[in-house]
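Below is a short note for a colleague who is meeting this structure for the first time. Please keep the model open while reading the numbered points.

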Amino acid sequence: MRTPVVYVVGLLALALAAGPARAQGLGLDLSGDSSTQSNEQQGTGEGTPPDAEQGGLGLGLDLSSGTPGADLQPRFALVGLDTPERAGAAAAKRWMGWLQSVALRTGRVARAAEPSEVREQLASDYESALRCQEASCLSGPADTIDADLLTTARLALEDEGWTLRLWTYDRDRGVVETDVVTGRKPTDSNFIREAGEVLSKRVTALARPRSMLKVSSNVSQAVVRVGERMLGVGTVEAKLPPGEVQLIVEADEYSTYTKTLTLVSGETQEVAVRLELNGPAPDGPPADAVAGVKKKKSSGPSGPSVFSRPALYTTVLGLAAVGAGVAMGMGLQGKVQDANGDGIMDVSRAEYLAARQQSMIATALMAGGGAVAGGSLLWLFIVPARSEPVSSSVAPVSNGKGTSGTALHFVIGGSF
């Protein structure tokens, strides 16, 4: 009996339609992700769920690259898994692939480096970083890898049973957060799943979108810093955590530029810096010289002291002569007296002549001293106290005949 062609074609169509459903029911990944399959063949275990053969935890795909604003996401790196026991070491690749996968699947971080790249970049420092549990020894590896979140793990058999310890270093705050998960055995799917959930929550809690800071400077060798962290030289771009920061731009022989910035998550801030040379401007005199000139102008002209003026001393001599004349005149009154009361002064001719001469001298002293004192006072206050310097000038002189000559003029000034 012949089978109708239509019947055969229908059977083939049903088989093709049911094939993918049966395959997915077995927990197989038919998405065509060649990178995941390649990693599994190489033994990295990346992107492979802990019980993919049972279809229990999903496909473990890395979806972080398609997240909006992924370029400003914090960078995450898994250093490695320390496994002192042989049973834990046998499942280490499976643990590493799953832990990194769940951290990236949060969509809150971007991959800083693969575990193999982390080992290469840290080189001789890898073993110490793998066993580090404090910020003091994790800050260096984080800077080397340029990772904002850095996680190290240890799977070991302890008193409570198999224990996974996770240490996640937050470079923004400079602290280490610790998580602990226990299970029955290293290959237990529930144990692995719980550890992934704990790491996923920790990464989600710590991850903060970056802010892009672009700094340009007119000095190519200027050093750009944010607080104590150096960003680069000249014109730099850096992804920084949001918040208030102190921007410092400095270079030798230039003034230092300092500004407080407030960085916002997911935004870009540009700062143009112009440094000025230290010292006075090349087109003008020094500032101290200008200040000295202004001070002299404000204080006004300074002349010689009054005690250095001769008029002061001639005034004193004139007043002294007047005083001497007055004293001599008063002395004559005591020498001439009327002893008998007849109205005639009792004085001899010699005494009379001497008194007359003394009176003339007293009158001359008062008159001369008064004249000298008065003239000296006029000299002291009326005549200018500052002498003009001797100056000379040479100027062309026209003789009225179309030719010119040279005349020398001397001007001499002064005061007494």
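1. F191 is buried, having a relative accessible area of 1%, where buried stands for under 20% relative accessible area, exposed for over 50% and partly exposed for what lies in between, with a 1.4 Å probe and protein chains only. The model is predicted, and local features need pLDDT of at least 70, side-chain atom pairs count only at pLDDT 80 or more, while totals for chains, interfaces and linings use all residues. Residues are numbered from 1 along each chain as its sequence is written, and side-chain values use heavy atoms, with hydrogens and water left out.

2. One aromatic pair is found when the whole structure is searched, the rule being that rings of Phe, Tyr and Trp (its six-membered ring) pair if their centres lie within 6.5 Å. The pair consists of W95 and F191, whose ring centres are 5.0 Å apart and whose planes stand at 75 degrees, so it is edge-to-face; planes over 60 degrees apart count as edge-to-face, those under 30 as stacked and the rest as tilted. W95 belongs to helix 4 (residues 92-104) and F191 to helix 8 (residues 189-206), so the pair ties together parts 96 residues apart in sequence. Here helices are DSSP runs of H or I with at least four residues, and strands are runs of E with at least two, both numbered from the N terminus. W95, at 0% relative accessibility, counts as buried.

3. An open sheet is formed by three strands in the order 9-6-12, with mixed pairing, and two strands pair if DSSP finds at least two bridges between them. Strand 9 (236-240) and strand 12 (268-273) stand at the edges with a single partner strand each, so one side of each has no neighbour in the sheet. Strand 6 (residues 211-217) runs antiparallel to strand 9 and is joined to it by five bridges; K214 stands opposite E237 in strand 9.

4. Most residues other than glycine have a negative phi. D146, although not a glycine, has a positive phi of about 60 degrees, and it is found in the loop between helix 7 (135-145) and strand 3 (149-158). With 35% relative accessibility, D146 counts as partly exposed.

5. E253 is likewise not a glycine and has a positive phi of about 70 degrees. E253 lies in the loop between strand 10 (243-250) and strand 11 (257-263), and at 63% relative accessibility it counts as exposed.
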